[in-house]
Amino acid sequence: MEEVWEGKDFSFPGEEEKVHSLWTRIDAFKTKLKRTEGNEEYIFYDGPPFATGLPHYGHILAGTIKDSVTRYHSMNGKHVTRRFGWDCHGLPVENEINRKLNIKKRDDVIKMGIDKYNEECRSIVTRYVSEWEKVITRCGRWIDFSNDYKTMDLEFMESVWWVFAQLYEKGLVYRGFKVMPYCTACTTPLSNFEAGQQYKDIEDTEIMVAFPVIGDQDNAAFVAWTTTPWTLPSNLALCVNAKFVYLKVRNNDTGKVYVVAESRLSALPTDNPKAKSTNGPTGDTKKTKGAKTDSAADSYQILEKFNGASLVGKKYEPLFDYFKEFSSVAFRVVADDYVTDDSGTGIVHCAPAFGEDDYRVCLENKIINKGEKLIVPVDDDGLFTEKITLFSGRHVKDKEKTIDRDIIEQVKNKGRLVKSGKFTHKYPLCSRSDTPLIYRAVPSWFVRVEQLKEKLLENNKQTKWVPKFVKEKRFHNWLENARDWAVSRSRFWGTPLPIWTDHDMKEVVVIDSVEKLEKLSGVKVFDLHRHHIDHITIKSSSGRVLRRVEDVFDCWFESGSMPYAYIHYPFENKELFEKNFPGDFVAEGLDQTRGWFYTLMVLSTALFDKPAFKNLICNGLVLAEDGKKMSKRLQNYPPPLEVIDEYGADAVRLYLINSPVVRAEPLRFKKEGVHGVVKDVFLPWYNAYRFLVQNAKRLETEISEPFVPINLESLQSSNVLDQWIHSATQSLVNFVRKEMDEYRLYTVVPELLKFLDNLTNIYVRFNRKRLKGCTGKDDCHTALSTLYNVLLTSCKVMTPFTPFFTETMYQNLRKACEGSEESIHYCTFPKEKETRDKRIEKSVESMMKIIDVARNVRNRHELPLRTPLKEMIVVHPDAEFLDDITGKLKQYVLDELNVRSLVPCNDTLKYASLKAEPNFSVLGKRLGKSMGLVAAGVKKMSQQDILRFEETEEVTIGKHSLKLSDIKIVRVFKRPDGLKDTEIDAAGDGDVLVILDLREDESLKSEGVAREVVNRIQKLRKNSCLEPTDIVEVYIEQLNMEKSLVQQVLHSQEQYIREKIGSPLLQSTLMPPDVVIISELVDLKLSLKISLARPSLKFNEDAVLALCSGNEKFASWLQTYLLSRDHSNLKSGFQAGDGKMTVSCIEKLPDVTLVLGEHLHLTGDYYF
């Protein structure tokens, strides 16, 4: 293995670029696919994004989830084809062109020419493809861009035709007239799930209008309420609720008589009109805060009370005469349960062309007839037609809302205005144009989804969703309320509907393939877009000429057809599809529950009576840091590539998939969070890897041969932490396999991070002596082999999530083993093995609990770990655990806590009393009203009750069975008599209690001083940027401290200090005159001066002179020669000669034999 950089000098983004170069050089992705050819297929469907915009964090999140899952299954030997796809049709593209060419109306496109318009659309579809490929590839996602699919390709469009033709043959397609959400800016209807994508708080006008009752003896008028004044010219009926009670009331001031629901009488105006104009009814009313008004009961006299059913059939005077041809059937009262009394007057005005319920009610009451063409006095662009003469050519939702104002003025002039005002409510907007939607009756082609409802619900049960609640709540409810799907759009750039018909729709031919169209028309077809096929006619069986209907498909129909169309099924890949449908996996955001997930399910159910997929991961939305939607215009989020270039793609990936967003919850993206991942995860992980490499290189120097790790299968170690980390690694493998097979990424990543934390903070930290070779070369080799194998295995487990960093480490680790794969992504995911030692895993976990608890006691008393303590007592009921803690784990506990002795105790009541407390956060939701009774019972538990509960792990209180997680057991320390809390103290966690003897012990003082000295030396090394393998001399000079105490410390703690700093502690008097000082530190607290110096030679001048027979010139030459030698080589020479070395290369100087320690000293050497 090669040396590696120090963590602060290691560039994660820079190394990722090197990994990219490696993948490119070895063609890693294609090579992996080739290696798995012929293996079991794993079918992944990638939802196509629009290429008209740039990728954002939402795309990176979904891409990371997809990449992690597919990499995992690929490492398990499955053949995973991954093709990128592009949604090329639809409004996003048309809107871009409309803005570019200043197209305002549908007629503008017709004048320009559909051919030119569509080619303009085609020209921008792939505008950002290169940017997408750059970002997606830089994020580490393996997916095929060269063999991508596009919804505008002829093969894809042909498969869409086939899907539609199958639905038509099954009787699931019909043409209808339906009121739908409609965008006047895009001049197209929207599906219900599209209409629900964006809402905004909008201020609108609400008015009450009087409709005089024909033939009423009191000249009463129905009062109807509406929030869409622009629909009033199209009124054909009034609707009441047959179950409500209605009142006829007279205004005490004006004498006007109104009919309203009893429960809505308070909504009528109560202002005294005498201060206003005496002409007509009340005008506009505005509510002023704090103003006092009369109540409706005071302002109105009740004349009559009756039920709503009695009003049905009553005629009223229309507001406008635009629909007088309907007078014989219209302008009457009907009844329906959709009328509510939570707002308005209990009477609703109906305009069937502009309301879904309005249309249904008028149809049921024969005011309009099914099959007859409904008069819609608003055109495709949202303008009143010539039928509404007074407002012809004006937009119904103009920005200034002048149309509402002018209509209200007309109502007022007619003496019909009862009340008007403003109110704010959530209103649907088109997510493409950001303009208000209207509801408008349009002719459309529909798929009978309502007919499939039961099958859809059943197929949904066959799928696995993560998280589950999205499937069982949100998606299930959407399917429960599924409506027929309008799949046609009156647009230009899309897949044309393959329907050829005559002008009166009596003969219909649905084309399912290019071949069929060519056969019936005799025309060669190369492209299926409108401008290439609209001119094509075919002859029916009766000889009539059929032309294609003008509509194109809703682009959701295209994306829902993706499982078939992206492989050109059934025209190609028939066996591949039919053997592997449904697909194995899909993943997208929460918004797709009403989008792509829905259309996939509808079409697969309609075609094959199966779900389209088996497994689905649904992620939440990635928001800006302020909680708002990410916006390029607002620049409220950092550009993705900027963050990746600063911290690396792996850090971004891990940040995203270790967040609430993988549980379908929202995530506020914070750049600092990505930095936190680098600091808390990658740097400690890298440092563990670097520690392995450094000490393997050190061992290589000592044994003069390359480090070759012991094979995992033959690696046997008696060391408890070696056994623990091997078991923990296997537990990790088993856990990740189980959870990844269940697609629960949100449980996998936290477990991976926990393992890495244990590896760095337990295994490496507690084994530094062994890994550094302080316990012998053989034990060092075993420890390094253990760390090597654990790092290699954990790298393979982490590879699907962090593909770059694991590759970086693997490329160096593989150099220590012959026959390794060329890339970690060619490796097999680690297999499950039953080699776990659950007992030792549990014991180490409890050991760390003990250490954490003991640290808390130290912190409470401000006693640093460098201060040694005499004794600790560990109280625990489990004898096996105490055996482990006082046996093979004992020294780790003592060393880590700097305590001299550990006393076990299994009598849980000797040092503590037990108290039971209910876990309210767990029990509250479950028990509800019974919580109080159970809580009281828990608190009354006796000491013996609690001990029995800990043993059986279950107790019944008030007929409720409680487990360990339901009750918190608190251990209250019983301090021995005569001792203060500053002398002995304790802390507990669960079933363990740790007691520390805090009393100062004179015999431990020297140990404390020694630890302080070691701490200063290690900090000085770090501040001097020295590597652990750098050899330096450490000199110490006593300042004002009593020499006897320092000498005592240095003598008694010599072995400890030497082990910790890797060399002896030298007195400053031994410092050679020509020594090179690296850095120095004066510590006034310890009264010491510490100096770090380069290794050097110190001569015994008299002995060297005697060796040279008193010849000073020869002695000088000999010293000069020795000083010119490399220090490490000189050391090796003396080691080889068992402390002696002969010099025979100096001219005129006879051969001389130097004895280490007699003629010279190698400062800092063990021979000194």
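Me: Leaving aside its neighbours within four places in sequence, which residues is K397 in contact with?
Reply: This is a predicted model, where local features need pLDDT of at least 70, side-chain atom pairs count only at pLDDT 80 or more, and totals for chains, interfaces and linings use all residues. Residues are numbered from 1 along each chain as its sequence is written, and side-chain values use heavy atoms, with hydrogens and water left out. Contact means heavy atoms within 4.5 Å. On that basis K397 is in contact with D204, W230, Y427, P436 and I438.

Me: Is K397 buried or exposed?
Reply: K397 sits in the loop between α11 (356-364) and α12 (402-413). Helices (H or I, at least four residues) and strands (E, at least two) are DSSP runs, numbered from the N terminus. Buried means under 20% relative accessible area, exposed over 50%, and partly exposed in between, with a 1.4 Å probe and protein chains only. K397 has a relative accessible area of 17%, so K397 is buried.

Me: How many cavities of 30 Å³ or more are there?
Reply: On a 1 Å grid over the protein atoms alone, a cavity is a set of points where a 1.4 Å probe fits but cannot get out. Grid points are joined across faces, edges and corners, and a volume is the space filled by probe spheres set on the points. By this rule, the count of cavities of 30 Å³ or more is ten.

Me: Which residues lie nearest the centre of the largest cavity?
Reply: The largest cavity has a volume of about 120 Å³. Lining residues have an atom within 4 Å of a point. There are 17 of them here, and those nearest the centre are G90, L91, R489, R491 and C555.

Me: How do the residues of the lining of the largest cavity divide?
Reply: α4 (91-101), β4 (188-189) and β22 (552-553) each supply at least two residues of this lining. Ala, Val, Leu, Ile, Met, Phe, Trp, Tyr, Cys and Pro count as nonpolar, Asp, Glu, Lys and Arg as charged, and the others, Gly among them, as polar. The lining of the largest cavity divides into seven nonpolar, four polar and six charged residues.

Me: Where does the largest share of the lining of the second largest cavity come from?
Reply: The second largest cavity has a volume of about 70 Å³. It is lined by 13 residues, and F12, E16, D650, F804 and F805 are the closest to its centre. Helices α1 (12-26), α22 (649-657), α23 (671-703) and α28 (803-813) each supply at least two lining residues. The largest share is four residues, and it comes from α1.

Me: How many of the residues of α22 are buried?
Reply: The buried residues of α22 include D650, R653 and Y655. I657 also lies in α22, and its relative accessible area of 1% makes it buried. The helix is largely enclosed by the rest of the structure, because the buried count is nine of nine.

Me: How are α22 and α28 placed to each other?
Reply: Axes are lines fitted to C-alpha atoms, for helices over the stretch in contact, and angles run from 0 to 180 degrees between N-to-C directions. The axes of α22 and α28 come within 7 Å and cross at roughly 130 degrees. Angles under 35 degrees count as roughly parallel, over 145 as roughly antiparallel, 65 to 115 as roughly perpendicular and the rest as oblique. The two helices, α22 and α28, are therefore oblique.

Me: Which residues of α13 and α20 make the contact?
Reply: The axes of α13 (residues 453-461) and α20 (residues 596-608) come within 10 Å and cross at roughly 110 degrees. These helices are therefore roughly perpendicular to each other. The contact is made by M601, V602 and T605 of α20 and, from α13, by K455, L456, N459 and N460.

Me: What is the omega of the peptide bond from Y569 to P570?
Reply: P570 is found in the loop between α18 (562-565) and α19 (574-579). The bond from Y569 to P570 is cis, with omega near 5 degrees.

Me: Is Y743 buried or exposed?
Reply: Y743 lies in the loop between α24 (720-741) and α25 (745-766). Its phi is near 65 degrees, a positive value in a residue other than glycine. With a relative accessible area of 4%, Y743 is buried.

How values were computed: On a 1 Å grid over the protein atoms alone, a cavity is a set of points where a 1.4 Å probe fits but cannot get out, and a pocket is an open set with protein on both sides within 12 Å along at least five of seven lines; lining residues have an atom within 4 Å of a point.
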